[in-house]
Amino acid sequence: MNILYISDLPFDPWVKPLHRYLPDADLFVWGNDDIDAADVDYILVWKPPRGVLKNFPNAKAIFNLGAGVDALLQDPDLPTDIPIVRLVDPRLSSSMAEFIVYWVLHFHRGMHTYAQQQRTGDWTPHGQSHTEKRRVGILGLGELGQDAAHALLMLGFENIAGWSRSRKELPSIESFAGAGELDDFLARTEILVCLLPNTQETNGLLNAKTLAKLPEGAFIINSGRGSLLDEDDLIAALKAGHIKAVALDVFQTEPLSSSHAFWKMENVFVTPHIASLTDAESATKIIGEGIEAIEDGDLPHNVVDLKKGY
Ligand code: NDP
Ligand code: OXD
């Protein structure tokens, strides 16, 4: 079996796990190793250049090395007759849950305010609200959103809601579904967590109009995709004080330009798309199981729905 790796990211971390979980596979790196395109069985990709994936007539599946497939689906020549599989990995989910818990606690306990006070030597204690009262809302109640919600529940955040396309029946999590319930979901949310994929429908979902639905002084954590959030509208809402502070891990353009206003704003916390990094070891195990399923004539788990775009 021949596996082709197509990514700008180093292949090194994948070599050992691939040998461990797929010991019979021969490995090739696109652009480095010679292989006849007709001999490629499986393709592992992260943000491949457009037009490349159409060239492998006998490939049986494409495995995306991350959860979000937006970069992949932007390829107009993407083969649509083989499974495109996205990464669903407990390790990806637990890292994301850590990131969300970290920032929810940061805003919940007012650490953004104390960081500012430290710059001026200001010793002013503020009141403290309780986890069970704090209204957290998660946009996108999928694999990552549900794990983050459960991690918050374990910390005593009892007032959690999620918004998704389809309604969820999840113990202790209020479910809002569809465009018609977005306004109500936003209106009850003090700390908004964005874990939606980038699709035509979610593009620009958070803009001046929808941000205005959040209560005065709300916080936002965006680790879904930068396209969800209109950056100019967010800056205006931050300057007006309607949004108190934000933690942003993803941006409309990445890397974030060094001249972007976000870097200098005291109420904006920037991280360079690290909320949850793919772990080659655990991801390869899951990809190995997917390949095994296909070799047995079954469909792998987590095949992307091309119509929905995630
Ligand atoms: P899932 O596909 O499991 O979940 C997506 C969720 O979004 C689902 O609940 C889905 O609803 C909801 N959704 C999608 N479109 C709409 C819509 N139009 N209206 C309402 N709800 C919608 O994805 P994951 O949880 O695995 O990943 C989410 C995203 O996180 C990825 O696409 C990626 O962009 C981002 N990510 C970021 C990382 C980082 O390091 N910053 C790392 C990994 C992922 P429904 O359940 O009804 O289908
Ligand atoms: C992902 C990501 O989608 O890293 O997995 O953003």
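The legends below describe close-up views of a predicted model. Residues are numbered from 1 along each chain as its sequence is written, and chains are lettered from A and ligands numbered from 1 in the order in which they are written. Because this is a predicted model, local features need pLDDT of at least 70 and side-chain atom pairs count only at pLDDT 80 or more, while totals for chains, interfaces and linings use all residues; side-chain values use heavy atoms, with hydrogens and water left out.

**View 1. Helix H5 and its buried residues**

Helix H5 comprises the 12 residues 143–154, where helices (H or I, at least four residues) and strands (E, at least two) are DSSP runs numbered from the N terminus. At 1.5 Å a residue H5 should span 16 Å, and the 17 Å between its end C-alpha atoms agrees with this, the expected span being 1.5 Å times one less than the number of residues. Leu144, Gly145, Ala148, Ala149, Ala151 and Leu152 of H5 are buried (buried means under 20% relative accessible area, exposed over 50%, and partly exposed in between, with a 1.4 Å probe and protein chains only). They cover an arc of only 165° around the axis, which puts them on the same side of H5; the arc is that of the directions from the helix axis to the C-beta atoms. The buried residues of H5 pack against helix H3 (90–108) and against strands E6 (135–139), E7 (159–164) and E8 (173–177), contact meaning heavy atoms within 4.5 Å. Gly156, which follows H5, has a positive phi near 100°.

**View 2. The surroundings of ligand 1**

Ligand 1 is surrounded by 28 residues, of which Arg86, Ser166, Lys168, Asp249 and Tyr310 are the closest; a residue is near a molecule or strand if one of its heavy atoms lies within 4 Å of it. H5 and E7 each supply at least two residues of this shell.

**View 3. Thr271 and its contact with Asp249**

Thr271 is found in the loop between strand E12 (268–270) and helix H9 (280–295), and is buried, with a relative accessible area of 16%. Leaving aside residues up to four places away in sequence, Thr271 touches Phe99, Leu248, Asp249 and Phe251. The side chains of Thr271 and Asp249 make a polar contact at 2.8 Å (a pair of N or O atoms within 3.5 Å; within protein, one must be able to donate a hydrogen and the other to accept it, and residues adjacent in sequence count only if both atoms are side-chain atoms).

**View 4. The surroundings of ligand 2**

Trp46, Gly66, Ala67, Gly68, Arg225 and His273 surround ligand 2. A polar backbone atom of Ala67 is 2.7 Å from an oxygen atom of ligand 2, and a polar side-chain atom of His273 lies 2.6 Å from an oxygen atom of ligand 2. The protein covers 85% of the 210 Å² of accessible area that ligand 2 has on its own.

**View 5. The cis peptide bond between Glu254 and Pro255**

Glu254 and Pro255 are joined by a cis peptide bond with omega about -5°, and Pro255 is placed in the loop between strand E11 (243–248) and E12.

Terms used:
Accessible areas come from the Shrake-Rupley method with a 1.4 Å probe; for residues, only the protein chains shown count as cover.
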